[in-house]
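Please look over the model below before reading the notes. The notes are grouped by topic.

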Amino acid sequence: MQTHTYKLLLNKEPEGGFTVNVPALPGCITYGTTLDEAISHAREAIELYIETLVEDGEPIPDDKETLEYSLILQHDLYSLFHAKRTDTDFRTKGVCFETL
């Protein structure tokens, strides 16, 4: 039996419940009304995803070599949108204007 490690990204939804994304498995996304239910559904989705990979003879990716880091970025959106800068200015300042 092999052991695989997966990171779960849980996002609290405005209408309630949690969406779960498994980054190591593209498209592996599920939902639960509680944290426990969301994690349980994620476990089931991962198992089904792996089952399909095995059936198709594909390698099984996981997150055991993935490092995790949270970055906190503070900025003033008003000044970013209203500053008279060129696209080059935004690139040199490390700001991606399209994602704001």
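The briefing below covers the fold, the core, the strand pairing and the charged contacts.

This is a predicted model, in which local features need pLDDT of at least 70, side-chain atom pairs count only at pLDDT 80 or more, and totals for chains, interfaces and linings use all residues. Residues are numbered from 1 along each chain as its sequence is written, and side-chain values use heavy atoms, with hydrogens and water left out.

**Overall composition**

- The chain has three helices and three strands, taken as DSSP runs numbered from the N terminus (helices H or I, at least four residues; strands E, at least two).
- Read from the N terminus, the order of elements is β-β-β-α-α-α.
- Of the 100 residues in the chain, 20% are buried (buried is under 20% relative accessible area, exposed over 50%, partly exposed in between; 1.4 Å probe, protein chains only).
- Accessible surface amounts to about 8,100 Å², with 53% belonging to carbon and sulfur atoms (Shrake-Rupley method, 1.4 Å probe; for residues, only the protein chains shown count as cover).

**Nonpolar core**

- The largest nonpolar core has eight residues: Tyr6, Val22, Ala24, Leu25, Cys28, Ala45, Ile46 and Ile50 (a core is a set of buried Ala, Val, Leu, Ile, Met, Phe, Trp, Tyr and Cys residues joined through side-chain atoms within 4.5 Å).

**Strands**

- Strand 2 (residues 18–21) pairs with strand 3 in the antiparallel sense over four bridges (pairing needs at least two DSSP bridges).
- In this pairing, Val20 lies opposite Thr30 of strand 3.

**Charged and polar contacts**

- Two salt bridges are present (a side-chain nitrogen of Lys or Arg within 4 Å of a carboxyl oxygen of Asp or Glu).
- One joins Lys7 and Glu68, with the closest N and O atoms 3.7 Å apart.
- That pair links distant parts of the chain, 61 residues apart: Lys7 precedes strand 1 (9–12), and Glu68 is in the loop between helix 1 and helix 2.
- Lys7 is partly exposed at 25% relative accessible area, while Glu68 is exposed at 60%.
- The other joins Lys64 and Asp62, with the closest N and O atoms 3.6 Å apart.
- Asp62 belongs to the loop between helix 1 (35–55) and helix 2 (77–82), and its side chain makes a polar contact of 3.3 Å with the side chain of His4 (N or O atoms within 3.5 Å; within protein, one must be able to donate a hydrogen and the other to accept it, and residues adjacent in sequence count only if both atoms are side-chain atoms).
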